[in-house]
Amino acid sequence: MEAMAALLPRAKDFGLALPAPPTRPQRPSASTAFRGSFGLRCFALPAVASFLTSLRSQSRRRFSAPRRAVNTDAEYKIDLEGLVSLCKRRGFVFPSGEIYGGYNGFFDYGPLGAELKNNLKRMWWRKMVHCRDDVIGLDSSIVTTPSVHQASGHVDNFSDPMVDCTESKKRFRADQLMWAKVELEDGTSAGYVSMVEDGNVEVALKKAAKKLIKQKKIEGGFKELEIKDMTDATEEEVKLIPSPATGLPGSLTGARAFNLMFETYVGPYSDGASKSYLRPETAQGIFVNFKTVTYVMRQKIPFGIAQIGKAFRNEITPRQFLFRSREFEQMEIEYFIDPEADFKAIQEEWIMEMWNFLKAVGLKESLLDREVHEGEKLAHYARACTDIVFTYPFGTQELLGVAARGEYDLQQHAQASGESLEYQVPGQKRKFVPHVIEPSCGVDRLFLALLCSAYDEDEIDGEKRSLLRFHPCVAPITCAIFPLLKNKPPLVEKAKGLAAMLRSSGFNVLYDEAGTIGKRYRRMDEVGTPFCCTIDFDTLEDDTVTIRRRDDPLKVERKKREDIGAFLMKECQLPEQ
Ligand code: GAP
C-alpha cells in the first residue's frame with residue numbers, strides 16, 4: 001500500500017481526470033457522437049457563419065445518447081486512479097518520457113503490458129483473419145500521400161470544437177466546457193458558472209452557483225440550472241461565461257474547429273508541398289489498397305481486409321488514462337459487400353463476432369452493452385452504426401463500433417484519384433462500387449477494459465491482496481516454473497529444463513526460485529499468471545510436476561513434465577463462443 005500511495009500523485013502524468021460516478025448521462029466518445037465521413041468525429045464547417053449552428057446541433061446530438069448509470073461499487077473493487085497506479089507498479093503501462101515528467105496523451109507499455117497487448121492483437125488476428133476464409137490482412141503505412149486524407153475529407157473536416165482562454169492560454173474542448181446561467185427566482189441573472197466536464201457536472205455547477213450567490217450577497221434561491229456546453233453559447237453568452245482557468249468572464253473565445261490530425265513534413269523541406277499527416281485511422285490504408293488486394297488475392301465479394309496499427313489524433317483534452325490518448329492502436333476490418341445485400345444482417349453478424357471476441361478474451365459480459373445510433377446521430381453517409389460500449393470505472397463508454405458505411409469512402413477515392421474502384425462480378429456484366437461494414441476497435445481501450453475486468457481482490461490468512469484474472473490466451477506470462485528449493489541443484493536443473501522446453505514451444509514462461517512457494521504464487525497471481533508448475537522431490541522420482549491454477553488454488557494437480565506443453569496449449573486456446 002505504501003508503494004501505491006507514493007505513486008498516486010503521479011496519476012496526473014497519465015492525463016488522468018478522475019470523475020466521480022456520473023450523475024448525468026456520460027458524453028459519448030467522439031466517434032459515438034459523430035461518425036464523420038470515415039467513422040470519425042467530424043465537424044464539417046463549410047462556412048464560418050454556419051459553424052456555431054453546426055456545433056450546436058452536433059452538441060445536442062451528443063447528449064441525446066443516455067448512458068447506463070454506473071454502479072461502480074457493485075462492479076469494481078478499484079477506481080481508475082488505482083488502476084493507473086497498479087499499471088505502473090506491475091510493469092504494464094508508464095507515462096511516456098516519464099523521467100522528463102511525462103507527456104500528456106502518450107504512454108509506454110512496460111514488459112507485461114507489451115505482452116498483454118501483443119497477445120490481444122494476436123488473438124484478434126487469429127480469430128478475424130486466420131480462422132475465417134473471407135478476411136485477409138494488410139499492413140499499410142502510417143504516413144501516406146496527403147491526397148488520401150484530402151479525398152477522405154479528414155483535412156477539411158476531422159475536427160473538434162475548441163475554446164481558448166486568452167488570459168491563461170489554456171485550451172478546452174468546447175463540448176467539454178460546461179456552463180449555466182444562474183437565474184434568480186425573480187427572473188434576473190446572478191451571472192454564469194462554468195467547469196470542465198468531469199462526470200459530476202450538475203452537482204459541481206450547483207455548488208458554484210451557490211457560491212456565486214453568496215459572493216454577491218443575494219438573498220433567496222435560483223432556478224434549476226440549464227447546463228449547456230460552449231458549442232451552445234451565443235456570442236453574448238461567451239463574453240459572460242467565466243473561464244474555468246481564471247474564474248473570470250471575458251477571456252474565453254468562441255468555439256472554433258481544431259483539426260485533430262498531426263502534421264508532419266516529408267523530405268528535407270518543411271513547406272506546404274512537403275506537408276503530410278500521421279494517419280488518424282487505419283481504415284484509409286485499406287480503402288486505397290482495395291483494388292490491388294482484390295486483384296492480387298483473387299477475392300470475391302463479400303470479403304474483408306483487416307489491419308492492426310497505430311493511429312494518431314491530436315486530442316484537445318486526452319483523458320481517462322488509455323481511453324482517450326493521442327497515439328493509440330486500432331484493429332479494423334473493412335468488409336466489402338454487394339450494395340444489394342442485406343447489410344443489416346451482415347452488420348449484425350459482425351457485431352456478434354466482436355461481442356464474442358470480447359467475451360472470449362475475458363471481458364465480463366455484465367460490463368458490455370450495445371448502443372445503436374439512429375436518426376440524426378448517424379452521419380449523412382452512414383446507413384447504420386452500433387457501438388459496443390463497456391462500463392469502465394469512470395462510466396459506460398464506447399469500446400468499439402460496427403458501422404455500415406455504404407460506398408462513401410471508395411467513391412471518394414475513385415473520384416479523387418481517377419481510378420475506378422468498381423468490382424466486376426465474376427461471370428456477369430454487373431459492376432458496382434462495394435458497400436462496407438466496418439468493425440473498428442481500439443486496442444488500448446480494449447487493454448484498459450481487460451484490466452478492469454480482470455482485477456480482483458481476495459484475502460489469504462487475513463491478508464488482503466489483489467490479483468488479475470486474465471484468461472490464459474492473453475495473460476502476459478502463461479506459466480511460472482519453480483524449483484521447490486533453490487539450493488538443490490537437481491531441482492533447479494529440472495525446473496530450468498522445463499522452462500527452456502516450454503519457451504522453445506512458444507510459451508512465455510517465467511523461472512522463479514526466490515522466496516517461499518506461497519510468496520512466489522502470490523507474485524504470479526498479482527500479474528495474472530494463470531498457471532504455476534513446481535518441481536519437487538517427486539519430480540526426481542517420476543518426472544511429474546505440480547500444476548497450480550490461479551483461479552482454483554486448492555486444486556493442485558500432478559502431470560508428467562513432458563505433458564505440460566500440450567496442457568498449456570489446450571488451455572491457451574481462445575474459447576469458442
Ligand atoms: N475507422 C473508424 C474509426 O476510426 P472511431 O470510432 O473514431 O472510428 C474507432 O475509432 C475506435 O478507435 C474507437 O471505438 C476506439 O476504440 C478507438 N479510439 C478512437 N479514438 C481514440 C483515442 N483518442 N484514444 C484511444 N482509442 C481511440
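Which residues form a nonpolar patch on the surface? Tyr-295, Val-296 and Met-297 do, with about 380 Å² of accessible area together. The model is predicted, so local features need pLDDT of at least 70 and side-chain atom pairs count only at pLDDT 80 or more, while totals for chains, interfaces and linings use all residues. Residues are numbered from 1 along each chain as its sequence is written, and side-chain values use heavy atoms, with hydrogens and water left out.

**Surface patch**
- Patch residues have over 30% relative accessible area and no salt bridge; like charges are joined within 9 Å, and nonpolar side chains (Val, Leu, Ile, Met, Phe, Trp, Tyr) within 5 Å.
- A salt bridge is a side-chain nitrogen of Lys or Arg within 4 Å of a carboxyl oxygen of Asp or Glu.
- Accessible areas come from the Shrake-Rupley method with a 1.4 Å probe, and for residues only the protein chains shown count as cover.

**Loop between α11 and β12**
- Met-297 is in the loop between α11 (283-296) and β12 (303-312); helices (H or I, at least four residues) and strands (E, at least two) are DSSP runs, numbered from the N terminus.
- Met-297 has a relative accessible area of 44%, so it is partly exposed (buried is under 20%, exposed over 50%, partly exposed in between; 1.4 Å probe, protein chains only).
- Pro-302 lies in the loop between α11 and β12, and the peptide bond from Ile-301 to Pro-302 is cis, with omega near 10°.

**Positive phi**
- Most residues other than glycine have a negative phi, and most peptide bonds are trans.
- Lys-169, in the loop between β4 (159-164) and β5 (171-173), has a phi near 65°.
- Lys-169 is exposed, at 67% relative accessibility.
- Lys-217 has a positive phi of about 55° and is exposed, with a relative accessible area of 71%.
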